[in-house]
Amino acid sequence: MSTNKVIHALYNDDDILMDAVKKVKGAHHHIEEVFTPFPVHGLDKALGLAPTRLAITAFFYGITGTAMATWLTWYTMISDWPQDIGGKPSFSWAENMPAFVPILFELTVFFAAHLMVITFYMRSRIWPFKEAENPDPRTTDDHFLMEIPVHDNEDELKNLLEATGAVEIKVVDKH
Amino acid sequence: MSSHYESSYREPLILGEKSYHDITEDIARPIEGKANKNWYIAFYIALAAMLWGFGCIFYTVGTGIGVWGLSKNIGWAWDITNFVWWVGIGHAGTLISAVLLLFRQKWRMAINRSAEAMTIFAVFQAGLFPIIHMGRPWNGYWVLPIPNQFGSLWVNFNSPLLWDVFAISTYLSVSLVFWWTGLLPDFATIRDRAVKPFQKKIYALLSFGWSGRAKDWQRFEEVSLVLAGLATPLVLSVHTIVSMDFATSVNPGWHSTIFPPYFVAGAIFSGFAMVQTLLGIMRKVTNMEDYITRLHVEYMNIVIILTGGIVAVAYATEFFIAWYTGSPYENYTYLSFGAEAGAYGWAFWSLMIFNIIIPQFLWFKSIRRSFIWSFLISIAINIGMWFERFDIIAIVLSKGQLPSTWWRFEPTFVDVGIFIGTIGFFFVLFLLYARTFPVIPTAEIKTILKSSGANYKKQRDENNEH
């Protein structure tokens, strides 16, 4: 099966990698994945990755937090056991709301931050005891790896990648 | 190269001839090498202090809060001073990692990892004090709004002390997550370099299997940005709420509307001083001189002058307003002629000298750019900011509205012991961190190498690329 074969092209500079990505894309090849040791500015656009929607999820998680805090302060302070604390009776949530602003704010931030990070970990599949999936240990140091699937065009791809300045090209069987 | 252009007038942020690989080597060295003698000496001193403090905590819990120097008039003094001091120190870490990220200040990258570590370790220390002060810490969960055995008695959401519980725990947990998410790629770097199997296992676990895909980095950057946006108001809210512990009371000297901004500025002031203290030592012992440069020290000193100036204006305002009211009660507040001439005059003058006068030396560029002077001034500010909280609490409480309640607070050895213990605990954590964590964000600092690295800047100058 040739469909399981991929080419791993390694680069040792982010600028050369960016040019290479553009060239490989220009030659209408599919780039399966790029592993880099640090965020390369503009790489996601060059690869044609859709923008991430994590910020939008954070907004909705934040609203959930505000709603939770509203319910919590209303239920505990107004509904379940209203008390007159320091001459400030618990009349209604709206009238007592100023004292709850810190709680509303903190829970909004708490929900938005933690749920967004958990979503990020789930989407990027990172969690404790997860095995790393970068094919070459140098990609967390100073090398950049481009993974391209091979479809009976191994030599053509190799020549193209060599011309883009790859320092190492390997054909790997991916399972 | 042109995409990495930065004006040649800007000083480089990374010195020396560095490549991406050199950065990895430099940051991994303290983790992979052996600790030197100085590290062990510092560690054992800190450990001894920590154990002494733990002993004092056990004594307090076992015997009761009566072993502290408190009375019916001064219900909290040394402990709440330490609490506010530690929380304040924490603020610089979030300011550096969040606010400076939003302002695109690239120099933060050399110091943000350690500053955030400092935040987390400082908030640990802060959190200890309210829990010990409960006297029965095993009942600590009573501060949480959970259904309980008392019918439906809930916590009081009108109380600033409960706001503190929510603010501090949100702050600690969000800071921790922010820090750890930033650490994942750097742990992965250490993991992929590790030769010892045990070390590899540990860092594989810590790195959560980070692989560095293009999509991961895209999400990583977005998450960092949004977390910074959330952490910025969070850090301001935390010390605002801490100040409300005082400002919402009706004590003269505490009942003050300028407390929130004044406390926040003071927190950043003291936090940056602590960052200066810690990094002054750390850049030497971990050989990070090429990354934490004079320029970084100068930038931090500029923040110190600014926030110190805000604090000075706040003191002047408080002093003037206390005098201007003509109220005799105001003459017993911590910033008044009464305080200056009273039994706590020495504490009043310590505050003025350490917090207002000494930092003014930073106006001189040669002092601002000097490692040793910055270090010494930062220690003075740490002391001064401790006295600020001590003055606010002990001086105000020592003179109640009835002269028959006047009482002078004297700390016992237990008060002092617990404080020393938290300093020891803090340094134990920080020293362990400096040996096991990448102390500089490895991945992030690589992104500015081509724009702000000394050799790249020199190369551009020689090629006349402007």
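How many residues does the contact take from chain B, and how many from chain A? In this predicted model, chain B puts in 55 residues and chain A puts in 53. On the side of chain B that touches chain A, the elements giving two or more residues are helices H1 (20-32), H5 (160-193), H6 (197-206), H7 and H15 (442-447) of chain B. The largest share of that side, 16 residues, belongs to H7(B). Sorted by residue type, the side of chain B that touches chain A splits into 27 nonpolar, 17 polar and 11 charged residues.

Now for chain B as a whole. Its secondary structure is made up of 17 helices and zero strands. With a radius of gyration of 24 Å, close to the 23 Å that the globule rule gives for 466 residues, chain B is as compact as a globular protein of that length. Of the 466 residues in chain B, 50% count as buried. Looking at contacts in chain B with a separation of 6 or more, 82% join residues 24 or more positions apart.

Back to helix H7 of chain B, which spans residues 214-247. Its 34 residues reach 49 Å from the first C-alpha to the last, close to the 50 Å expected at 1.5 Å a residue. Is H7(B) largely enclosed or largely open? Because 24 of its 34 residues are buried, H7(B) is largely enclosed by the rest of the structure.

Another spot worth a look in chain B is B:Gly93, which sits in helix H3 (residues 78-102). B:Gly93 has 31 other C-beta atoms within 10 Å, so it counts as buried, the cut-off being 20 or more. Setting aside neighbours within four places in sequence, B:Gly93 is in contact with B:Ala115, B:Glu116, B:Met118, B:Thr119, B:Ser175 and B:Gly271. Take B:Glu116 from that list: B:Gly93 and B:Glu116 are 23 residues apart in sequence, yet their C-alpha atoms are 4.3 Å apart in space.

Over in chain A, there are strands to look at. Four of them form an open antiparallel sheet in the order S2-S5-S1-S6. Strands S2 (33-35) and S6 (168-173) of chain A are the edges, each pairing on one side only. On average, neighbouring strands of this sheet are turned by 20° against each other, direction ignored. The antiparallel pairing of S2(A) with S5(A) runs over three bridges, and A:Val34 stands opposite A:Met146 in S5(A). Helix H6 of chain A (residues 154-163) lies across S1 (5-11), S5 and S6 of chain A, and runs at about 150° to S6(A).

Finally, what about backbone angles? Most residues other than glycine have a negative phi. A:Arg125 has a positive value instead, with phi near 50°, and A:Phe129, also not a glycine, has a positive phi of about 70°. Where are these residues found in chain A? A:Arg125 lies in the loop between helix H5 (101-123) and strand S5 (144-149) of chain A, and A:Phe129 is likewise in the loop between H5 and S5. A:Arg125 is partly exposed, with 13 other C-beta atoms within 10 Å, while A:Phe129 is exposed, with 8 other C-beta atoms within 10 Å.

Note on methods
Residues are numbered from 1 along each chain as its sequence is written. Chains are lettered from A and ligands numbered from 1 in the order in which they are written. This is a predicted model: local features need pLDDT of at least 70, side-chain atom pairs count only at pLDDT 80 or more; totals for chains, interfaces and linings use all residues. Helices (H or I, at least four residues) and strands (E, at least two) are DSSP runs, numbered from the N terminus. The radius of gyration is taken over C-alpha atoms; the globule rule is 2.2 Å times the number of residues to the power 0.38. A residue is buried if 20 or more other C-beta atoms lie within 10 Å of its own, exposed if 12 or fewer, and partly exposed in between; C-beta atoms are placed from the backbone. Two residues are in contact if their C-beta atoms, placed from the backbone, lie within 7 Å. The expected span of a helix is 1.5 Å times one less than its number of residues. Ala, Val, Leu, Ile, Met, Phe, Trp, Tyr, Cys and Pro count as nonpolar, Asp, Glu, Lys and Arg as charged, and the others, Gly among them, as polar. Two strands pair if DSSP finds at least two bridges between them. Axes are lines fitted to C-alpha atoms, for helices over the stretch in contact, and angles run from 0 to 180 degrees between N-to-C directions.
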